[in-house]
Amino acid sequence: MSSPTSPNENNNKNASGAPSRVTLSLGHLPQKHDIKAPWPRTPTRVDPNNPPWPAYRGYHEYSFAHATMQARLPTILGKAIEDTTRTLNEQSDEELVVDLVACIDRMGELMTDLSGNAKLRPIVDDGEADVALWNKEIAKYFQGKDFMNAPWLFAEAYKYRRLHEAFSVSKHWRDYDVFYRQKCDTFSRSADAVFELSMRFADPFKIEEGLSPAERLEAERLMFLELTQVCLWGNSTDLSLLINMTEEQIKNLQSTGGDHLAATEKNILGNHLNRLWETVKELREKTGGRIDFVLDNAGFELYCDCVYADFLVQSGLASQVRFHGKRYPWFVSDVTKKDWDWLLNSMVYGQLFPKASDTELESLRRLGRRWKQYEKEGKWVYEQHPFWCAGYTYWDLHSEAPDLFLHLSRSDLVYFKGDLNHRKLTYDCAAPASTPFEIAIGPMASSAGAPKIASLRTIKSDVVVGLGDDGDQIAEMLDKKEPGWKISGKYAVVLLSEGRPGEKVRFA
Ligand code: F6P
Ligand code: MG
């Protein structure tokens, strides 16, 4: 005869005969409700491991985080090892050779950690100004975390910091750039777009004679809008994504013709271009202000940024432009001081374009000479604060780099170029696409002294905000119709935050 008690109850009986674990049946209670977590998190609960909206992490297979952490980063690291090996094979001096072999070994260790999903260890003290910042963040928020379960943004940045460490602890190779060859190469392969711009801007720009003030202003407005788009779409040629592009593919991405630009404005899903024009126009009324560029990629994108900055200076919309680059190789294609110097000097003295005509080459030389002159006169200034290579997002810029925040708060407008800067502004989390930009960037919009900020970004990763009230529906529709729309670089945003300029900055 079968027993009336369930086998489970039998197993759980202790010596007294009473069940050791009581399981209540809740069959008569109401069904569980699907309660949505209260996003965004309240500001006091936000930290690098807990962004305001859910983080993207490497193990999230639905997000680009997964493909990046699992496949793209090891591929990029593999190519970096190949590049260094090539350099090694060109060396003759034993001390240099032995020192470089040790760098390659350390890259090998990083590869093992990355592909074995090791825990994130502290950064070795290599004398860089950002070591304390990195290790504080690891100790406070990422102890025991690994490459796949730490938020994607942090884990990815950490990988580039470890790559730098492989060289920075060496004696002779601290400044070696594993991506330098690639960066130079894409600019040399961008001839059509490079000359398209240099032939138009070699001579200082002039507005047609005989126009009324209103017509002049309109001509400038149109030029501003087109050049802002040149600067924006210059971001779609990103080496970390397009490593094996053909020259033809680069050409298509870089097409700078007028019709093309009008068509591409349709792809700017969050579009504050007109507000941006009003902002810079006001600056000029106040006799021209300071504009900053937090740069993204070297080569062609930097060239577009400079063409744009040149126009801003010449038209009196800015009296000074400050460019912010990285201190060491970062996310494959980002600008370092060496890339900056390489671009300007190659334009003036280089022989990168054997097929170009004499006129084309002269146009490039003139442009380059003018830009170098701006540098001499202090109209253009290049800077490289350590915070730009930290693991913190820009929500923490005012607290972790108060000197930089104060410096930026003195700017009249700060452009943030590209995808990574956008991820850092928005904490790289799953905020709804309708979230207003000023909410998504938190303290960078709301802190006292926050400057006006413009984000010029082609969309190459999951976070998308600022699409307006019907943004969630737009995103949903694109998710269905064009599954890769968030990583293709086909769409973009130009978003402006008014900040709180003019307010006193106070630090705790
Ligand atoms: O590795 C992924 C990523 O960080 C993406 O966000 C982006 O596609 C790319 O690298 C960097 O893009 P950008 O140069 O525009 O910042
Ligand atoms: Mg970049």
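This is a predicted model: local features need pLDDT of at least 70, side-chain atom pairs count only at pLDDT 80 or more; totals for chains, interfaces and linings use all residues.
**Exercise 1. Work out how helices H3 and H5 are oriented to each other, and which residues join them.**

*Step 1.* Find the two helices: H3 covers residues 94–115 and H5 covers residues 152–168.

*Step 2.* Look at the axes, which come within 8 Å and cross at roughly 155°.

*Step 3.* Angles over 145 degrees count as roughly antiparallel, so H3 and H5 are roughly antiparallel to each other. The crossing of H3 and H5 is right-handed.

*Step 4.* Now pick out the contact. On the H3 side you will find Leu 100, Cys 103, Arg 106, Met 107, Glu 109, Leu 110, Asp 113 and Leu 114. Facing them in H5 are Lys 159, Arg 162, Leu 163, Glu 165, Ala 166 and Phe 167. Sorted by class, this contact of H3 with H5 has 8 nonpolar and 6 charged residues, with no polar ones.

**Exercise 2. Stay with H5 and describe how H5 meets helix H17.**

*Step 1.* H17 spans residues 418–425, and the axes of H5 and H17 come within 11 Å.

*Step 2.* Those axes cross at roughly 130°, and H5 and H17 are therefore oblique to each other. The crossing of H5 and H17 is left-handed.

*Step 3.* Trp 152, Leu 153 and Glu 156 are the H5 residues here, and they meet Leu 420, Arg 423 and Lys 424 in H17. By class, the contact of H5 with H17 has 3 nonpolar and 3 charged residues, and no polar ones.

**Exercise 3. Find the residues that come nearest to ligand 1, and the polar side-chain atoms beside its oxygen atoms.**

*Step 1.* There are 17 residues around ligand 1, and Glu 156, Asp 419, Leu 420, Arg 423 and Lys 460 come nearest.

*Step 2.* Next, check the distances to oxygen atoms of the ligand. A polar side-chain atom of Arg 423 lies 2.5 Å from an oxygen atom of ligand 1. For Asp 296 the value is 2.8 Å, and for Arg 72 it is 3.1 Å.

**Exercise 4. Describe the crossing of helices H8 and H11 and the residues that make the contact.**

*Step 1.* H8 takes in residues 213–233 and H11 residues 273–285. Their axes come within 10 Å and cross at roughly 125°.

*Step 2.* That angle makes H8 oblique to H11, and the crossing of H8 and H11 is right-handed.

*Step 3.* H8 brings Leu 217, Glu 220, Arg 221, Phe 224, Leu 225, Thr 228 and Gln 229 to the contact. H11 brings Leu 273, Asn 274, Leu 276, Trp 277, Val 280, Lys 281 and Arg 284.

*Step 4.* Class by class, the contact of H8 with H11 has 7 nonpolar, 3 polar and 4 charged residues.

Methods. Residues are numbered from 1 along each chain as its sequence is written. Chains are lettered from A and ligands numbered from 1 in the order in which they are written. Side-chain values use heavy atoms; hydrogens and water are left out. Axes are lines fitted to C-alpha atoms, for helices over the stretch in contact, and angles run from 0 to 180 degrees between N-to-C directions. Helices (H or I, at least four residues) and strands (E, at least two) are DSSP runs, numbered from the N terminus. Angles under 35 degrees count as roughly parallel, over 145 as roughly antiparallel, 65 to 115 as roughly perpendicular and the rest as oblique. A crossing is left-handed if the near helix is turned anticlockwise from the far one by less than a right angle, and right-handed if clockwise. Contact means heavy atoms within 4.5 Å. Ala, Val, Leu, Ile, Met, Phe, Trp, Tyr, Cys and Pro count as nonpolar, Asp, Glu, Lys and Arg as charged, and the others, Gly among them, as polar. A residue is near a molecule or strand if one of its heavy atoms lies within 4 Å of it. A polar contact is a pair of N or O atoms within 3.5 Å; within protein, one must be able to donate a hydrogen and the other to accept it, and residues adjacent in sequence count only if both atoms are side-chain atoms.
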